Amino acid sequence: MKSTWPSTPLSIFLIVSIFPLMPALAQLTPPKTRITTVEDRYFDKTVQDNYRWLENVSAPDVKEWVMAQGEYTKRLLDRIPGRDSLISTLTGFDRMQPERYSAIKRRAGRYFFRKTMPGENIGKLYYKQGEHGAEILLFDPSTYQNGKGYYMLDHLPSHDGKMVAIAIANGGGEIATLRVIDVGGNKFLSDKLSPVREEFTWAPDSRGIIYTVLNSADPFDVNFQMNTQACYHALGTNPQNDRVILSASKNPELGISKTEVPTVYVSNDLQHLIGNLMTVDYRMHVVIAPITDLAKAKINWKPLISREDSIAGLTDVGGQLFLHSIKGAPNGRVLVTSLASPDVRVAKVAVAEGNKIYEIGASKDYLLITKDDVVRSYLQTYHAATRQLHNIPLPVSGVGGIRSYDPQANDLYVSLVSWLYPPVTYNYSPPIGKLTPSTFHRQSKYPGLDQLTVEEIEIPGHDGTLIPLSIIYRKGLKKDGSTVCFMTGYGAYGHSATPHFDPKYLALLNQGVIVAVTHPRGGSEKGLSWYKAGFKTTKPNTWKDFISSGEYLIRAGYTSARHLIGEGTSAGGILIGRAITERPDLFAAAINNVGVTNVMRFELTPNSDNIAEFGTFKDSVESKALYEMDALYHVKKGTPYPAVISVGGMNDPRVIIWQPGKFTAALQNSTSSGKPVLLQVNYDNGHFTEDKTVTFRNFANMYAFALWQAGHPGFKIR
């Protein structure tokens, strides 16, 4: 192991950074990062890691380095003239919205929902008796324990509607505390469960809660969700006495791996326990037991679905179990079997393969099906008793979904959205087959929407495959290459980049910026085969499709390399990191937002269950694929890289801060372009946050930096 400092020691920089009038600070040079080389051997491949020391996030020198990077970034961003205007625009857009309702659930005639008023920072939890009843406030996160940084991850009313359980987290984190509110008394019960995941369910008698407990409240603890346990908590009892009902240690006969997270919920008919052993692999691993076992010391779980069965979702209606199957049907089909004695092997086809199935849900008598073809949704209901399939007539073309207010009833609500139209919500009654206005819908209006247009096209990829590309821009665009273009992509976990209305995009579009949404392989835009074509050993297609999209935009005159911005978030860090290391000449600027950029080390982080998505370095074939994905290990000294801003959250358990941190250090020490490389450090959020003041500042910083570097006149530092 060897250690070197490129130049000035960090300690000197820290002294300088304290005094804003020092001449050295006026130059705004980044902090220096020492190089300490560690060599790793992956089968026949030796890899040098120069920044392994940054992985020790609790070490004083790492904390100092992170603080110095954050301070350097803040001082530079504060100089960009259009940044504060962007914050004002996003805040103004938020105030233009009417009140917004979300997560609407009904039990025993009471509606529970999250409501966010115009300009309000965080939504509050309300309830009302009946659809037209008066709204009553139940929980305000801003006042909880002095209010700082708390928000709701989820809420779920009890079956009798008398209580509601809420998962609360702080600092933008995802490690929750579970509390219960007595609705009639409008007060918290004494029960407090922590640390837990946000998934939980009520027992049928509404006297207890089933939840998944974590091993630690520390998001940096690599074991915080290893060998986790699903537990039952009886209200009013000591949580230390809660009974484990599903875990690897409790149920060794089920072969639960250490990275599978057991989550248990109750079937819609309230007669069965469903145990879902969760990983990032969307092929489910499920066990089942009778609800009567909940009272026993050990539940008699029976295997229901293995990952080899390729079931992507399930629900029950009228004593029948419906399965969203992708086995032999890349676009998906629906199978049905008896819930009393389920057997996937003899399940029959209820709904044949057609347009790609996005998800299935349930009401009392109907299966609810959402399908899409990248740019529009097709919503259907299937009557379980008569086996009749009906299409829901949609008033506008867009994407959306269909939900039940209460799985014990048949009144539904439908939501629709598109690139240029804010969400709209309708009520739907399957027996009547008609959409009617929902009392929870409020129309949103924004400036500039009538001046925009959308192109949905397909462009040739590097291997001739046609890649979908969505291009949004102001009418009258001159295709002379002079326009700044913001191009974003993801391409992982089978996630499809379906149309959605985003005020952040509108803020860019109203500045004359083109927004291009790519649909690279690794998503599911064209079904399972599209996902598998950007998965593990085929992952290079993901960033090559992104590169091909950028090349097309330049070739067709939408933009040029001097004006092209690339962006990737989370797993999209692989996409943007490898795009700029493979084609640094293609981009003026890049945004790596809480991105995975050192994927060979990813399985050693708290989010280690991603082995199912990306692979493991312990396998000779998958280790080679991981190396190809790893942006950090493809940074080359003396390369003219574009301007880059990476973002990391100090409370982020999904992509730990050293992932974007190490990538930033490597680029700062290697680039020959003279363009800035920044690390924006967010101390008040994790992978994301509901806090809009944090969100608006975060995105305004990223956008302003990229627009400045891409030559937008409104963001030029003079």
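1. A cavity, as the word is used here, is a set of grid points where a 1.4 Å probe fits but cannot get out, and its lining residues have an atom within 4 Å of a point. The model under discussion is a predicted one.

2. By this rule, six cavities of 30 Å³ or more are counted. The largest cavity holds about 50 Å³ of space.

3. The lining of the largest cavity consists of Trp419, Leu420, Leu449, Leu452, Ile472, His500, Phe501, Asp502, Tyr505, Leu506 and Leu509. Helix α5 (residues 503-509) supplies the largest share of this lining, with three residues. Sorted by class, the lining has nine nonpolar residues, one polar and one charged.

4. A separate point concerns helix α7 (residues 540-555) and helix α8 (residues 572-582), whose axes come within 9 Å and cross at roughly 65°. The crossing of α7 and α8 is right-handed.

5. Where α7 and α8 meet, α7 contributes Thr542, Trp543, Lys544, Phe546 and Ile547, while α8 contributes Ile574, Leu575, Ile576, Arg578, Ala579 and Glu582. The contact has seven nonpolar, one polar and three charged residues.

6. The buried residues of α8 are Gly572, Gly573, Ile574, Leu575, Ile576, Gly577, Arg578, Ala579, Ile580 and Thr581. Buried here means under 20% relative accessible area.

Key. Residues numbered from 1 in each chain as written. Predicted model: local features only at pLDDT ≥ 70, side-chain atom pairs only at ≥ 80, totals over all residues. Heavy atoms only, no water. Axes fitted to C-alpha atoms, helices over the stretch in contact; angles between N-to-C directions. Helix = DSSP H or I, 4+ residues; strand = E, 2+ residues; numbered from the N terminus. Left-handed = near helix turned anticlockwise from the far one by under 90°. Contact = heavy atoms within 4.5 Å. Nonpolar A, V, L, I, M, F, W, Y, C, P; charged D, E, K, R; others polar. 1 Å grid on protein atoms, 1.4 Å probe; cavity = no way out; pocket = protein on both sides within 12 Å on 5 of 7 lines; lining within 4 Å. Points joined across faces, edges and corners; volume = space filled by probe spheres on them. Buried < 20%, exposed > 50% of the residue type's maximum accessible area, 1.4 Å probe, protein only.
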